[in-house]
Amino acid sequence: MRILIISDIHANLTAFEQVLQDAANQWDYVWCLGDVVGYGPDPNESVELLRSLPHLCLAGNHDWAALGRLDIRTFNPDARKAVNWTRETLTPENIAYLEALPTTFVLGDYTLAHGSPREPVWEYILEPLIAAINFSHFETPYCLVGHTHQPVIYEMVSDQGDTEAIMPVYRQQRQLNGRRQIINPGSVGQPRDANPDAAYALLDTERGIFEPRRIAYNVSAVQKRMRKYDMPERLIARLEHGW
Ligand code: ZN
């Protein structure tokens with residue numbers, strides 16, 4: 001099956017629509033790795049667009065925050081303000097949808113989690129050492145995660161568990177080689193790798209071919225809506241810089 005892999009839409013409808021347009025007719029099913037809402041101005045529209053597609057979706061920490069499931073005192077003040085706005089804005093139907101999201105999925109050769117297989121909602125895999133520890137927490141050859149908003153592949157390169165980070169080469173097909181990998185497609189709606197373009201990936205599960213992609217979208221249209229809703233200026237500014 002041809003899978004569209006997306007993560008961390010973060011209520012950015014413009015970026016989400018751009019990804020769908022860029023990937024049109026190239027996938028059969030969507031795997032969404034969580035954080036559909038939080039930060040951005042379009043929580044209902046983003047959830048509803050996702051719900052209109054053939055898909056599965058995992059719960060992310062921001063989805064849980066919007067449901068009031070976790071203590072947001074650890075969030076920074078800007079993130080907290082966005083969480084409260086999101087919570088007040090979501091419709092009961094979309095809240096019910098988010099409530100029902102699972103934290104992990106195992107499908108064939110792939111384990112899916114928002115953060116990591118060890119701590120599905122919470123853990124950030126930001127370096128090879130953390131990835132290496134996580135390989136013992138899933139059984140399949142490959143694991144797909146989001147959460148860091150940084151596209152990367154961590155590959156186990158020795159039987160001793162040595163792990164290397166491989167930077168993505170966009171729009172280049174990569175044959176999955178049977179070596180164990182933890183793959184992050186990056187973030188659709190709030191990239192944090194100094195590249196403001198929306199990130200996503202395509203995966204052909206039968207042929208084992210993975211292709212990371214970036215696509216520019218109309219950032220200023222999203223910023224305009226965020227200003228309309230009086231969202232924190234720092235959250236508005238970061239979209240154009242990708243941090
Ligand atoms: Zn996120």
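Biologist: At what angle do helix α7 and helix α8 pack, and how far apart are their axes?

Modeller: First, a caution: this is a predicted model, in which local features need pLDDT of at least 70, side-chain atom pairs count only at pLDDT 80 or more, and totals for chains, interfaces and linings use all residues. Residues are numbered from 1 along each chain as its sequence is written, and side-chain values use heavy atoms, with hydrogens and water left out. Helix α7 (residues 219–228) packs against helix α8 (residues 233–241) at about 175°, their axes lying 9 Å apart. Angles over 145 degrees count as roughly antiparallel, and α7 and α8 are therefore roughly antiparallel to each other.

Biologist: Which residues make the contact?

Modeller: Contact means heavy atoms within 4.5 Å. From α7 come Val219, Val222, Gln223, Met226 and Arg227; α8 supplies Glu233, Leu235, Ile236, Ala237, Leu239 and Glu240. Seven of the contact residues are nonpolar, one is polar and three are charged.

Biologist: How many helices and strands does the protein chain have?

Modeller: The protein chain has eight helices and 12 strands. Its radius of gyration, taken over C-alpha atoms, is 17 Å, close to the 18 Å of the globule rule for 243 residues, so the chain is as compact as a globular protein of that length. The C-alpha trace spans about 50 × 35 × 30 Å along its principal axes.

Biologist: What share of the residues counts as buried?

Modeller: Buried means under 20% relative accessible area, with a 1.4 Å probe and protein chains only. Here 57% of the 243 residues count as buried.

Conventions: Axes fitted to C-alpha atoms, helices over the stretch in contact; angles between N-to-C directions. Helix = DSSP H or I, 4+ residues; strand = E, 2+ residues; numbered from the N terminus. Parallel < 35°, antiparallel > 145°, perpendicular 65-115°, else oblique. Nonpolar A, V, L, I, M, F, W, Y, C, P; charged D, E, K, R; others polar. Rg over C-alpha atoms; globule rule 2.2 N^0.38 Å. Buried < 20%, exposed > 50% of the residue type's maximum accessible area, 1.4 Å probe, protein only.
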